[in-house]
Amino acid sequence: MAARLVSRCGAVGAAAYSSPLVSCRRWSGASTDTVYDVVVSGGGLVGAAMACALGYDIHFHDKKILLLEAGPKKVLEKLSETYSNRVSSISPGSATLLSSFGAWDHICNMRYRAFRRMQVWDACSEALIMFDKDNLDDMGYIVENDVIMHALTKQLEAVSDRVTVLYRSKAIRYTWPCPFPMADSSPWVHITLGDGSTFQTKLLIGADGHNSGVRQAAGIQNVSWNYDQSAVVATLHLSEATENNVAWQRFLPSGPIALLPLSDTLSSLVWSTSHEHAAQLVSMDEEKFVDAVNSAFWSDADHTDFIDTAGAMLQYAVGLLKPTKVSARQLPPSVARVDAKSRVLFPLGLGHAAEYVRPRVALIGDAAHRVHPLAGQGVNMGFGDISSLAHHLSTAAFNGKDLGSMSHLTGYETERQRHNTALLAATDLLKRLYSTSAAPLVLLRTWGLQATNAVSPLKYLLGF
Amino acid sequence: MWGGGKLGSSGGWFLRVLGPGGRNTKAVRPLISSVYVKNQLSWILQIKPGVFNEYRTMWFKSYRMTFSCLNRIKSFRYRWARLYSTSQTTVDSGEVKTFLALAHKWWDEQGIYAPLHSMNDLRVPFIRDNLLKTIPNHQPGKPLFGMKILDVGCGGGLLTEPLGRLGASVIGIDPVDENIKTAQCHKSFDPVLDKRIEYRVCSLEEIVEETAETFDAVVASEVVEHVIDLETFLQCCCQVLKPSGSLFITTINKTQLSYALGIVFSEQIAAIVPKGTHTWEKFVSPETLESILESNGLSVQTVVGMLYNPFSGYWHWSENTSLNYAAHAVKSGVQEHPMSAEFAFKGEAEELQANACTNPAVHEELKK
């Protein structure tokens, strides 16, 4: 009798619960779905690295992880002679992450290029900033994206007992659990694939790029705008073999052009410019293209006397105060040829998700933030997200916590939003500042660049 | 964004109309169950209710209770009391009532049980690390694999589930059957936990005979301040423990500070804890606890204070045990029954015996 009365009270309560104040789709699917601990949606560089990081984590030995990749499995039997035109600049922090689960060793066995110095200068003035590590450590590494992907795939295969990878699988629907813990509805996230199969998971990690399906399905607001720029990438052959361990970037009024070392004779080009100019560059014949690249780096056409004088004044002052901090402008190596069919363009934009986490959902990589390539930080921010999230999840797993619980997910969000927002804002500001040839702004940035070059701590604050 | 369970959010806390910290008067008891029914609606319709609105709503609704309901509840109450009056029990029926009313709220991490959810950040590592000392080679991913743990007063399974996730086989017991129902339902969705955890509606005394000396660890977290007979309760805990097994207790100290902060501030002013949850007279000081434990053959290894920050919602370890504290005691290695002790424990058992002889009443305070 007592039990019946209590359960009737409970039933009244439950009936009141189910009238959806918050619309919550009740899952009527099979309860025989596999329940995964973590599902990573998106098998790109960041998604695959996240799956690796969790798969190799010591506290995840008992857990089940699933990686969903919409594309086919890319098998690289033999490294091709020609370099791929999509490369990434990997920071030392990202290299540490990659080596923590053994992928960096594979990359070292394939190919990568370390660079020790970076020169960034303006087209409208003589101002430049030179980054170099005093103790001759590597500042960063230029690695082809295919090489990184292959290394990650190999490492994933080695932990296939914990990490399942499904290729050609695109999630078409995500169903979120009710915010209130309810008696008969599953508390997990339900994922439906294109072929109809369904899974349940305690934590869904969205690593599916800047048009993230996970982010859209979760209804997370995304602040985004398109830059009126496209980036042109190509693989260039240098006129003569050099030590080639310097990364060059010049800010033209139309956009930054960067030359990243790949080998003694090869470099990769990333040229961000207007859509029309980018289309012209990709379609013009190779000789004209090579001339355009060389003149972009070498020509002083945008200099004005006023700015040159002003710049020289500050340079003189710096020379008096800190003689060792005066850097002479060096010229990048000249380009002889471009690899056939290596010219590609892609549009650029900025994006930042208002929230990185929701209950049982976390966003990493481009799904959370999309940045201009001028600082070479895009994938490094993604790898930073992975380090932070993997650390929080590892601690949570060792404490026996529910992996989808907001308490540690908000810790990840706070840590990364602080870092990423600052970097995104700075990159956007730089892009806008250097998009103009109006004299006052040129003067401002000339002096600013020279001053920053002279003040070492500020340079290292930027991460170099 | 997701802040809750701190001073800000209060959903349906004011169940007790008249809420002295002590025993409930007759007039109050019938109100509780009926208020539970009526208030389900008011909880849902107001997601973040103002404190005074809730109080007013509930007061008016309680007056509209029908007499038939009252009569049913009276008979229900007496029947419940009759069930328990025949056996020797440490379960307090008044306490059972309190928790019955809140049985559905266990798993809302930002709800009224939020402080208990965040206490897991302290008590799970406390239990895990002390148990890991006794395991020579633990499996990565399942560090507590092979351990049998009893969670007394498990409630909705807040502490049981993390222990299960760490690989232990856990039995959770609670006298309130709604709690066990909630706990059972919650773990049923996770196939791994479903196998590792078992729940039962019973009190500790009822299972003492059948489970004597079977558990590697007994956890009584936030329980000893709710039992009637502490001495009997701890004796039972000792009986179900294997020799050299561990007992983990977290509870509240009986001091002026704990009255001021734990009862007056937490329950009546800030509503961090539902009113009437705690009775100051039943709080246990570490000294009392230790003396009872030592007299029952349990040697206290660690006593360390815990502090709750109501603004951040997080707990911290503290050297000060005048509010909340956690204790770890180990049963002496002398076997009462001729059951084979595991080899791994033998060295520990001899060491503990030596300690017990030389330092009978000394406890070490772990400075964290």
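Leaving aside residues up to four places away in sequence, Glu222(B) touches Leu116(B), Met119(B), Arg123(B), Thr250(B), Thr251(B), Ile252(B) and Asn324(B), a contact meaning heavy atoms within 4.5 Å. The structure is a predicted model, in which local features need pLDDT of at least 70, side-chain atom pairs count only at pLDDT 80 or more, and totals for chains, interfaces and linings use all residues. Residues are numbered from 1 along each chain as its sequence is written, chains are lettered from A and ligands numbered from 1 in the order in which they are written, and side-chain values use heavy atoms, with hydrogens and water left out.

Glu222(B) is placed in the loop between β4 (215–221) and α10 (230–240) of chain B. Helices (H or I, at least four residues) and strands (E, at least two) are DSSP runs, numbered from the N terminus. Glu222(B) counts as buried because its relative accessibility is 13%; buried means under 20% relative accessible area, exposed over 50%, and partly exposed in between (1.4 Å probe, protein chains only). An unreviewed UniProt entry places the feature "binding site" at Glu222(B), Glu225(B) and His226(B). UniProt positions are given in the numbering used here, feature names are shortened, and annotations may be inferred rather than shown by experiment.

The feature "binding site" is also placed by UniProt, in an unreviewed entry, at Arg123(B), Gly153(B), Asp174(B) and Ser221(B). Arg123(B) is found in helix α5 (residues 114–132) of chain B and is buried, with a relative accessible area of 5%. Beyond four places in sequence, Arg123(B) touches Leu116(B), Leu158(B), Leu159(B), Ser221(B) and Glu222(B). Ser221(B) lies in strand β4 of chain B and is likewise buried, at a relative accessible area of 8%. The contacts of Ser221(B), not counting residues up to four places away in sequence, are Arg123(B), Val152(B), Leu159(B) and Thr250(B).

Chain B as a whole has 13 helices and eight strands. Of its 368 residues, 58% count as buried. Among the contacts in chain B with a separation of 6 or more, 71% are between residues 24 or more positions apart. Chain B exposes about 16000 Å², of which carbon and sulfur atoms supply 58%; accessible areas come from the Shrake-Rupley method with a 1.4 Å probe, and for residues only the protein chains shown count as cover.

The model scores ipTM 0.82 and pTM 0.80. Chain B averages a pLDDT of 76, and 67% of the residues score at least 70. Over residues 1–49 of chain B the pLDDT is below 50, and this stretch has 108 contacts in the model beyond near neighbours in sequence. Residues 78–86 of chain B also stay under 50 in pLDDT, with seven contacts beyond four places in sequence. The pLDDT is the predictor's confidence in each residue, from 0 to 100. Where pLDDT is low, the predicted coordinates should not be read in detail.

Over all chains, the structure holds 24 salt bridges, each a side-chain nitrogen of Lys or Arg within 4 Å of a carboxyl oxygen of Asp or Glu. One of them joins the side chains of Arg196(B) and Asp62(A) (2.9 Å, N to O). This pair crosses between chains, from Arg196(B) in helix α8 (residues 191–196) of chain B to Asp62(A) in the loop between α2 (45–55) and β2 (65–68) of chain A. Arg196(B) counts as buried at 16% relative accessibility, whereas Asp62(A) is partly exposed, with a relative accessible area of 27%.

Within chain A, Asp300(A) forms a salt bridge with Arg250(A), the closest N and O atoms being 3.4 Å apart. The two residues are 50 residues apart, with Asp300(A) in the loop between α8 (286–298) and α9 and Arg250(A) in strand β13 (residues 246–252). Asp300(A) is partly exposed at 36% relative accessibility, while Arg250(A) is buried at 0% relative accessible area. The side chains of Asp385(A) and Arg416(A) also meet in a salt bridge (2.7 Å, N to O). Asp385(A) lies in helix α10 (residues 378–398) and Arg416(A) in helix α11 (residues 406–433) of chain A, 31 residues apart. Both Asp385(A) and Arg416(A) are buried.
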